[in-house]
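Subject: Handover of a structure and its findings

Dear colleague,

Please find below the structure that I am handing over to you.

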Amino acid sequence: MSDLVLPAERVMAEPGELGRFGEHGGRFVPESLVPACARLEEGFREAWSDPSFHRDLERLLTVYAGRPTALTPAWRLSAELGITVLLKREDLAHTGSHKINNVLGQALLARRMGKTRLLAETGAGQHGVATATAGALLGLGVTVYMGEKDIERQALNVFRMKMLGAEVVPVTSGSRTLKDATSEAMRAWVTCLDEAHYCLGSVMGPHPYPWMVREFQRVIGDEARRQSAAELSTGIPDYVVACVGGGSNAAGTFAGFADTGARLIGVEAAGGAAVASGRTGVLHGFRSYLLQDENGQVSEAHSIAPGLDYPGVGPEHAYLNDIGRARYVTVSDEEVVPAVHRLARTEGILPALESAHAIAWVIRAAESGELPPFSTVLVTLSGRGDKDVATLMEAPAPTGAPAPTGAPVPTGAPVPTGAPAPMEAPALKEAPALKEEQ
Amino acid sequence: MKGLVPYLTGGIRPDWTRYLREYERNGATAIEIGLPFSDPILDGPTIQEASDRALRAGASVATILAEVAATKMTIPLIAMTYYNLVVHRGPELFCRELADAGITGLIVPDLPIDEAGALAAAAEKHGVDLTLLAAPTTQPDRLAEIARRSRGFIYAISVMGTTGERDQIAESGIRLAGELRRLTDKPVLLAFGISRPEHAAAAAGVCDGVVVGAALMRRILDGGTPEELGAVLGGFRRALDSVAV
């Protein structure tokens with residue numbers, strides 16, 4: 001796969017003063033917000049070149065967020081699928097998702113820039129919870145904008161945010177989901193630029209957000225690359241897979257592998273697939289692929305996973321798609337629920353519905369032969385599924401799901417002999433043992 | 001005569017072009033027609049609701065422009081919309097369609113000068129004035145560039161916030177208008193929060209005219225007829241005319 005190797009400086013690089021990723025990105029905001037974006041860019045460039053900022057952030061990520069997160073071989077799922085699946089465990093980070101990486105970075109930056117409040121938008125609630133957490137930690141006030149529909153779907157996270165001291169503002173306009181919460185947060189930001197930092201939750205928005213958030217999430221990919229090198233005899237996985245809504249966990253993961261031969265796969269929700277079904281547009285300050293109707297009005301995205309319920313995609317993903325460096329695929333709600341159950345039963349891990357999109361694609365691709373036997377696949381598990389339990393309780397259980405007890409491995413699949421306990425895990429570096437068992 | 005530019009969301013009612021006529025009869029010097037967008041990030045609740053309502057009623061750029069074209073107006077018409085609707089058709093086609101409908105001005109609130117090159121060129125080619133916005137936070141050198149590149153007039157946003165009615169004109173707006181007038185001879189129109197005739201009269205001392213949006217749209221959302229709104233606008237006209245400048 002060396003044909004895919006591109007120089008690191010060309011792919012996932014610094015996007016310049018205009019914040020361009022090919023024809024995507026930019027800064028399409030009202031004039032009132034231009035100086036705030038420019039000051040933020042300046043503040044980020046300064047902080048990012050300051051070793052003391054990196055030291056502070058790394059320390060927080062280590063002693064507070066629980067980094068590095070584990071890279072867990074999915075022993076039994078691998079055996080069933082006949083490939084080697086490694087899970088990058090962002091679900092183990094504090095607050096239960098990768099969102100904390102970006103938020104700690106932005107909150108530190110905000111404090112450095114003299115801000116006293118954080119504004120945030122949230123869909124699934126994970127970014128809202130992470131922002132409320134960082135605000136509590138660093139003594140910053142937090143206001144979170146959340147669509148009314150998402151407030152209903154994510155009651156648990158709303159309660160968590162409030163417990164952490166955040167104000168949660170219901171957004172009743174438009175589709176009452178993430179898109180409208182984002183618009184409302186931007187409207188609110190205009191009124192309080194002096195004291196508030198808008199803590200955007202994904203690799204979207206006006207420059208410098210897509211770049212800055214990717215850099216704050218790069219830690220996922222950098223760690224995963226080191227961990228893969230230790231885990232795999234090939235050093236680099238053949239495939240690197242992550243779910244994509246706005247695309248921050250994918251951008252952070254891909255950043256660690258952009259200069260390697262790994263094939264990068266972004267998995268979108270079928271009902272929110274901006275790359276697969278959108279066309280070029282401008283929303284929330286950036287140009288990218290955007291779901292819209294025949295008149296140019298932004299369409300509502302639909303996904304069982306509220307975090308993927310966004311009609312656009314980060315501009316760098318649009319660019320990675322355009323140049324062929326990453327491939328974007330879609331997974332339907334119907335495929336996602338069985339994927340949650342399967343990972344839960346094979347590995348004892350309940351993934352967030354968002355992350356389950358990545359798992360669902362891996363299962364489909366392995367079973368259809370699209371992933372060659374013995375492939376090595378790294379999947380970022382962006383978050384844990386606790387928040388989605390109510391949704392899963394309402395969703396029909398997948399047919400043919402293995403019974404809770406008894407032998408779960410289907411006939412004909414590679415059998416992981418011996419208990420897949422970590423101490424007896426196949427030594428992937430040497431064999432991989434899973435392959436030997438074929 | 002001081003400029004008086006009422007804002008009207010296109011397609012807000014089936015008979016929406018009747019408001020254009022009434023505004024013209026009651027002293028408007030130009031009319032800003034909103035081409036509604038699903039995600040108007042610089043608009044407050046009133047104009048958001050107007051946009052939603054127009055879109056639900058089936059309004060689109062095509063239907064609005066067709067109705068405008070059929071309404072023979074004598075005062076200038078200015079389109080206001082968000083950049084996605086421009087990108088969707090492409091700047092070239094978008095500007096040609098505006099010109100064909102008799103619209104001679106364009107305001108795009110989420111398109112700052114740094115990104116405006118392609119649209120500015122297309123607009124100029126089709127004889128459409130691309131008017132740029134200035135904000136209280138805009139730095140002096142950038143303000144000068146906005147003043148230089150803006151066509152028709154300069155749209156001065158009086159407050160750091162969204163469109164909507166307010167109790168008084170913000171000091172920041174008065175300051176901004178003053179700075180702009182020192183920089184350029186082009187007309188400076190003050191917008192955002194001009195809610196009552198006395199606001200217009202107060203603004204008249206520092207700028208060349210005002211844009212009145214949410215104060216009119218709220219009355220339309222509440223059921224105000226074209227004739228009633230014409231009378232409301234007439235009040236703004238008289239207030240502006242009463243100021244000797």
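Between them, chain A and chain B bury about 2800 Å², and carbon and sulfur atoms carry 52% of that area. On the side of chain A, the residues that lose the most area to chain B are Glu31(A), Arg187(A) and Gln297(A), which together account for 25% of what that side buries. Counted by contacts, 37 residues of chain A touch 34 residues of chain B. The size of an interface is often given as the accessible area lost when the parts come together. Please bear in mind throughout that this is a predicted model.

Chain A as a whole

Chain A has 438 residues, and 62% of them are buried. Its secondary structure consists of 16 helices and 14 strands. The accessible surface of chain A is about 15000 Å², with 53% of it belonging to carbon and sulfur atoms. Among the contacts in chain A with a separation of 6 or more, 76% are between residues 24 or more positions apart.

A helix pair in chain B

In chain B, helix α7 (residues 140–149) and helix α8 (residues 171–183) have axes that come within 10 Å and cross at roughly 65 degrees. The crossing of α7(B) and α8(B) is right-handed. Which residues meet where α7(B) and α8(B) are in contact? From α7(B) they are Leu143(B), Ala144(B) and Ala147(B), and from α8(B) they are Leu176(B), Glu179(B), Leu180(B) and Leu183(B). By class, this contact comprises 6 nonpolar residues, no polar ones and 1 charged residue.

Cis peptide bonds in chain A

The bond joining Arg67(A) and Pro68(A) is cis, with omega at about -5 degrees.

Positive phi angles in chain A

Thr95(A) is not a glycine, yet its phi is positive, at about 75 degrees. Thr95(A) is placed in the loop between β4 (84–89) and α4 (99–112) of chain A. Is Thr95(A) buried or exposed? Thr95(A) counts as buried because its relative accessibility is 6%, and buried means under 20%.

His284(A), also a residue other than glycine, has a positive phi near 50 degrees. This histidine belongs to the loop between β11 (279–283) and β12 (286–290) of chain A. With a relative accessibility of 2%, His284(A) therefore counts as buried.

A buried alanine in chain A

Ala273(A) is found in the loop between β10 (263–269) and α11 (274–277) of chain A. Its relative accessibility is 1%, so Ala273(A) counts as buried. Which residues is Ala273(A) in contact with, leaving aside its neighbours within four places in sequence? They are Glu268(A), Gly278(A), Leu291(A) and Thr330(A). Ala273(A) and Leu308(A) are 35 residues apart in sequence, and their C-alpha atoms are 8.8 Å apart in space.

Yours sincerely,
A colleague

Technical notes
Residues are numbered from 1 along each chain as its sequence is written. Chains are lettered from A and ligands numbered from 1 in the order in which they are written. This is a predicted model: local features need pLDDT of at least 70, side-chain atom pairs count only at pLDDT 80 or more; totals for chains, interfaces and linings use all residues. Side-chain values use heavy atoms; hydrogens and water are left out. Helices (H or I, at least four residues) and strands (E, at least two) are DSSP runs, numbered from the N terminus. Buried means under 20% relative accessible area, exposed over 50%, partly exposed in between (1.4 Å probe, protein chains only). Contact means heavy atoms within 4.5 Å. Accessible areas come from the Shrake-Rupley method with a 1.4 Å probe; for residues, only the protein chains shown count as cover. Axes are lines fitted to C-alpha atoms, for helices over the stretch in contact, and angles run from 0 to 180 degrees between N-to-C directions. A crossing is left-handed if the near helix is turned anticlockwise from the far one by less than a right angle, and right-handed if clockwise. Ala, Val, Leu, Ile, Met, Phe, Trp, Tyr, Cys and Pro count as nonpolar, Asp, Glu, Lys and Arg as charged, and the others, Gly among them, as polar. Buried area is the accessible area (1.4 Å probe) that two parts lose on being put together, summed over both.
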